[in-house]
Amino acid sequence: MLPNVKEFIRPETVQEAYALLEKNRKATVLLAGGTIVSQMRSSNIETIVDLRKTGLDKIVQKPDEIAAGAMVTAEQFRQDRLIADRYGDFFYDSFGLIGNWQLRNMITLGGSIAPRLGWSDITTCLMTVGASLLVYGQDDYQTLCIGDYFQIPSSERPIITHIILPDEDWRYAFYRFARSAFDIATLNMGIAMKLNDRRIVSSRIVCGSRPMFPARMESVEESLVDLNFDEQTPGIVRSLVYDNFSGGSNMIASSEYRNHLASVLAERAVKKIGEIIL
Amino acid sequence: MKITINVNGKTHVVKIESAEMLLDTLRRLGYKSVHRSCDSASCSSCTVLLDGNPVLSCCVFSATADGRFVETVEGLGSGEELHPIQKAFLEEGASQCGYCIPSLIMTTKALLAVEPDPTESEIREMLVGNICRCTGYEAQTRAVKKASRYLRGDEE
Amino acid sequence: MTPLAEEKIREFNVVKKNTDKVDGKALVSGKPVYTDDFDARDELQVKLVRSPHAHATIKSIDASEALKIPGVVAVLTSDDLPRVCFTRAGQGYPEPSPYDTFVLDRRVRYVGEPVAIVAAETEKAATAAVKAVKVEYELLKAVLSMDDAMKPSAPTIHPEEEASGIFDAERNIAAHFEMEIGETEKILKDCDVTISRTYHANTQLHAMLEPHVSRSYLDPNNRLVIVSSTQVPFHARRILSRIFNIPISSIRVIKPRIGGGFGGKQALHTEQYVAAVTLATRRPARLIFTREEVSMATNIRHEMQYEVKIGASKDGKIRAISMDGVSNTGAYGEHALTTLMVSGSKTLPLYNKVEAVRFSGNVVYTNLPPAGAFRGYGAPQGLFALDCIVDELATELGLDPLTVKEMNSIREGESSPIFKLMGEGREGVEQIVRSCKLQECIDRGKELIGWEKRSKGMLPDSRRAKGYGCAIAMQGSGIAKIDMGAATIKMNEDGSFNLLIGATDIGTGSDTALAQIAAEVLHVTVDKIIVYSSDTDFTPFDTGAYASSTTYVSGNAVKAAAEKVRMQILQGASEILEEPLPNLELTLAEVHSKETGKTISYSDICTQLFYTFNQRQIGATGSFVGEESPIPFMATFAEVEVDMETGQIDLKKLVSVADCGTPINPVQALGQLEGGTMQGIGWALFENVMYSQTGRMLTTDFFTYKVPTRMDYGELICELAESYEPTGPYGAKSIAEIGIDSPIPAIANALYDATGIRLREAPFKSEKLLFEILSREV
């Protein structure tokens, strides 16, 4: 429990929330689903700014994209009609592997990305579908890709208000490996492919829980451009991922093990994409 | 600060500390069925229904529950009469030490509200967060199935 | 000759029926029944200052800043407490565990060891005070593995002169045991096949959901009252009396409902601290542990490693076994000797036809969390080694492992010299196995797993490999000639009975099983039995809930008390009805004359005896101590699939069939078996305790320590074999522990069957398995 909190504020607009954050960043924490903030023990935090009333809990279709509010919960997102229409079972299935029902009712999209958790399946999945972030800060609203958001120094970092999901006709697959059913991923892997007939036009290979923050394997993506998708493709991706993996060791697994898992999960993900198109 | 919460149909106006957790508030109000075990969102012993959805009260800030509806197992059944879910849990021996049971019963209630006739794999998937160290889960699966039959009127 | 099992399997009125738990309605209703559910006025909240170092001496403690925090009432250090050396282990007296512990010491021996006690008006103030207490340490070299403990360079962990009962303090050996029957080495040399292997079972956390908690206060007569989540209220009273030098008559220990124990509450973890605060301040006090404290600073399972040798003739007859072990007791020697002995005494008699057998081991101190009692109590560690080496031997001989286990294992009417040689902490007792349905367990298990038609090898997807394994196990029922239980029954004028028992229901359902035994004797329905358990002021003595003792030991005590009460009811009826005793019999809540047909209800008998006729109280106390410890048996079968590309182990199916004699309450008995089995599955596959390089436990929550969930296994089938133990209450023996013994070896054997790789360190990890698979492919 945070021992020195003196104020719990429930602003009704993002602008108000940002102003509160700016007042004293070191002593302020933004509250989304609560699963992270409830575990904090810092005695520096004196103000909690709750984003619950800021209206960021809706999923809306815009002209070329879907905008999901940062306070949308994982369960709400995976059960959403718009998301199902656009992505089929991709999010329903992959978010279904996250935590458990209770946690999915609490954890939010924005709250999963903002703490920069290496093991977040949500972040990997969102990066796989090419999501970007709509953020509000000193430069008003702007759109950033997830990686760029963390380039901003934490002392100036804006508030994530929406996850922007582009309209695109790609194929997606996600796999995670964990030591047990309720465990953070030892490694997770999301793969997206844009195909023209059988030709790979473009792809996203996103590997998370390495244990570092999810990252795209751009050299693998480049090697795949213009390849014809056939029975050999999963094996090719497997060896490319194996050769290009960069990860680390921690108490959950060694880097060598993760390297193997990354290549195997990538192969399986590509096979699954193959099942859809072949 | 002061919040107003409705627990099992009863309205409480309660003074809380800014960073207080719903688990602490509920226990202070006398809802002792809400159990503290891991205190870190990983065992589900503190599950309550918040506006009908199962959540972990050990990581819900009480202030965010202001104006909302909370359900705990104290609200089930009437007088001496057990709720069908409670009855099924008792009959199937689904409770040993009982510490995880109130939260499991509430999660089951939420499950049966969205899926009145769950399969064994749905039961396991939806209740996976509810850790039980005593029973080995088998009797609990039998109990949830029995409860669903009770509630659907398939079994007296 | 003693009657054997088949002769007495039968049906009963109340016993062997699925009565609802007597506390079940309260539990499913979420009633306030646990220690922390009771609010108290003016109560101090207690927190402990804990050591961040694995091994250090305390140079100074400065509490002045902490005492300035508003609401902080007291900070107690070792200077404020009596320096009494004791063991926290809740065992019979005198305890077989060394006296090597102080409530607070000037030396710390593991990360998390208490250094000072803080008491404040609020939990928040207590937490702040813990941070504000300044402790200056002088660091000592720490021993962080079993291998290092006995090295000449290792520091001595227990140099204190007050300690007693340590086998060899200078070499960090808390306990040692060895025994031999026959000439083991000679026969091993003479065998057609002899193999030697080493197996290592790592520690495990109890992870009971209710944290350790106790409350204390002084009653109006200034007696110290402790309400505690404990498995051993009577031992707690005795130990507190010794520590604080107050008479047993001035202490009352109350056990409310308990949220799980598994051995983890068979020691004093919180009681001494609240008692210290209440005695110092004269105020009520409460201490509830955080999950981190439960994990790193109570007790854990003894990590054990066994080097095993086994020799057999070509036809599979096992001729000699030798087990040489080392056990890690951590910073303190709680249950050190006894868990070591049980790892031999409750495994080796399975193979009673050997010509020679040898068992020896050292239990060593390390600067890791203290190990203690944990379901199985050494037996699963020993069985991992023993069952797997029999499996490996069979492979070596080209025989079916199950056939080798069947042909060499103990049977009804047989005995083993080990029963006499190895007890718990001392010599055991001679006994023959009066009931043993091991073969029936095996046969039924084979049927349930599909043993005869099993197919192993790669599945059609050519990435998963399937395999099957089996293991057989035994336990005991209480500690013979040590565990004693007592029960008092008194009759009320509505024909109900109060059953007062020292036996400690920690969630097992023992209150219900014991009520059923009383109801069976007294010819009433279970609702007529009002159970009150474990309050040292109001219930008779019982050693406590451990060693699979309650149904057998306390159950026999309840039966004895009920039989006395039954006689008194008949006597009362005889006086009232003016009929000779031999004419009378009990029917449901009535006494009936076979001669005259006259009938009188229990209610009438008791009402008259209370108020109008030959006035007196019907009531009696019975007690029981086992002359032997009847053995439950079990066969376990596992079906696994291994993902050969990731090493992921998928437990598809696990079957355990146990012989526990008569199941007093079949649903509850099955629940014990299923629960124990699941803990065994957890230990085999998921529950991995990790430490930092400085000895701090890293796996203190359920994100890092993986208790199995309901999605972590495929099918689990547990069944009970029909059996009857002649010395047990209505034929019962124990079921509480045995379930945990066999999943590790059964799964290890199945993994070998699937992959050809033999894992000899539990828990079995996917990463390790994958690299074994890869190294073999190269």
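## Strand pairing in chain C

Two strands count as paired if DSSP finds at least two bridges between them. In this predicted model, strand β2 of chain C (residues 56-62) is joined to β6(C) by six bridges, and the two run antiparallel. One position in this pairing is I61(C), whose bridge partner in β6(C) is V135(C).

Both strands belong to an open sheet of three strands in chain C, ordered β4-β2-β6 with antiparallel pairing. The edges are β4 (107-108) and β6 (134-139) of chain C; each has a single partner strand, so one side of each is left without a neighbour in the sheet.

## Extent of the interface between chains C and B

Chain C places 51 residues in contact with 50 residues of chain B. The area buried between chain C and chain B is about 4100 Å², and carbon and sulfur atoms give 54% of that area. On the chain C side, the most area is lost to chain B by V28(C), L209(C) and R710(C), which together make up 23% of what that side buries.

## Polar and charged pairs

The interface of chain C and chain B holds 30 residue pairs in polar contact, counting pairs with both residues at pLDDT 80 or more. Seven salt bridges are found across the interface of these chains. R142(B) forms a salt bridge with E674(C), with 3.3 Å between the closest N and O atoms.

## Elements and residue classes on the chain C side

Helices α1 (24-28) and α17 (666-685) of chain C each supply at least two residues of the side that touches chain B. The most comes from α17(C), with eight residues. By class, this side of chain C has 23 nonpolar, 15 polar and 13 charged residues.

Conventions
Residues are numbered from 1 along each chain as its sequence is written. Chains are lettered from A and ligands numbered from 1 in the order in which they are written. This is a predicted model: local features need pLDDT of at least 70, side-chain atom pairs count only at pLDDT 80 or more; totals for chains, interfaces and linings use all residues. Side-chain values use heavy atoms; hydrogens and water are left out. Contact means heavy atoms within 4.5 Å. Buried area is the accessible area (1.4 Å probe) that two parts lose on being put together, summed over both. A salt bridge is a side-chain nitrogen of Lys or Arg within 4 Å of a carboxyl oxygen of Asp or Glu. A polar contact is a pair of N or O atoms within 3.5 Å; within protein, one must be able to donate a hydrogen and the other to accept it, and residues adjacent in sequence count only if both atoms are side-chain atoms. Helices (H or I, at least four residues) and strands (E, at least two) are DSSP runs, numbered from the N terminus. Ala, Val, Leu, Ile, Met, Phe, Trp, Tyr, Cys and Pro count as nonpolar, Asp, Glu, Lys and Arg as charged, and the others, Gly among them, as polar.
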